[in-house]
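The structure is shown first, and the points follow by topic.

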Amino acid sequence: MSYTYDRFLKDVYIDDADMRVRHTLTDKGFGILTEIDVKATMKKKLDADMPHYRILGACNPSMAHKAIEIEPRIGAMLPCNVILRQVDGGTEVSAVDPVASMQAVQNEDLDAVAGEVRDLLRDALDAA
């Protein structure tokens with residue numbers, strides 16, 4: 001089982017991909033709680049160069065609330081990360097697969113919520 005759902009945005013620069021992904025995530029009820037510019041961090045901390053790479057910590061509050069009610073410590077696995085990375089010919093966008101990441105918890109009720117979140121994330125990436 002893959003742990004991410006991936007989409008390639010051909011001929012789309014990372015800044016444009018970022019705007020599109022944020023918009024479609026918002027349409028699906030997600031907000032961005034965190035943002036990490038991995039390229040800038042690696043340059044600052046290690047003086048290492050790399051292509052553009054961003055991590056967006058996305059959260060759908062109603063889905064997060066359901067998950068926390070079912071499994072109070074599940075917050076350790078939130079938010080849902082979405083990465084954008086510049087590759088040859090465009091930007092690759094990848095979202096965590098919540099079903100794959102929640103397998104360690106072994107809670108059928110949580111599996112159902114994770115499936116809903118996975119569908120929302122896929123729909124958002126497909127619409128970007």
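The model is predicted. The count of cavities of 30 Å³ or more comes to one, and the structure holds 10 salt bridges.

**Cavity**

- The largest cavity contains about 140 Å³ of space.
- Its lining is made up of 16 residues, and Met63, Ala64, Leu78, Cys80 and Val117 are the ones that lie nearest the centre.
- At least two lining residues come from each of strand 3 (53-59), helix 3 (61-70) and helix 5 (108-127).
- Helix 5 supplies the largest share of the lining, four residues.
- By residue class, the lining of the largest cavity has 15 nonpolar residues, one polar and no charged.

**Salt bridges around lysine 43**

- Lysine 43 pairs with aspartate 47, with the closest N and O atoms 3.0 Å apart.
- Lysine 43 also meets aspartate 49 in a salt bridge, at 3.1 Å from N to O.
- Lysine 43 is partly exposed, at 37% relative accessibility.
- Aspartate 47 is exposed at 57%, and aspartate 49 is exposed at 65%.

**Salt bridge between helices**

- Lysine 66 forms a salt bridge with glutamate 116, and the closest N and O atoms are 3.7 Å apart.
- This pair links distant parts of the chain, with lysine 66 in helix 3 and glutamate 116 in helix 5, 50 residues apart.
- Lysine 66 is partly exposed, with a relative accessible area of 35%; glutamate 116 is partly exposed, with a relative accessible area of 35%.

**Salt-bridge network**

- A network of salt bridges links Asp15, Asp18, Arg22, Glu35 and Arg54.

Technical notes:
Residues numbered from 1 in each chain as written. Predicted model: local features only at pLDDT ≥ 70, side-chain atom pairs only at ≥ 80, totals over all residues. Heavy atoms only, no water. 1 Å grid on protein atoms, 1.4 Å probe; cavity = no way out; pocket = protein on both sides within 12 Å on 5 of 7 lines; lining within 4 Å. Points joined across faces, edges and corners; volume = space filled by probe spheres on them. Nonpolar A, V, L, I, M, F, W, Y, C, P; charged D, E, K, R; others polar. Salt bridge = Lys/Arg side-chain N within 4 Å of Asp/Glu carboxyl O. Buried < 20%, exposed > 50% of the residue type's maximum accessible area, 1.4 Å probe, protein only.
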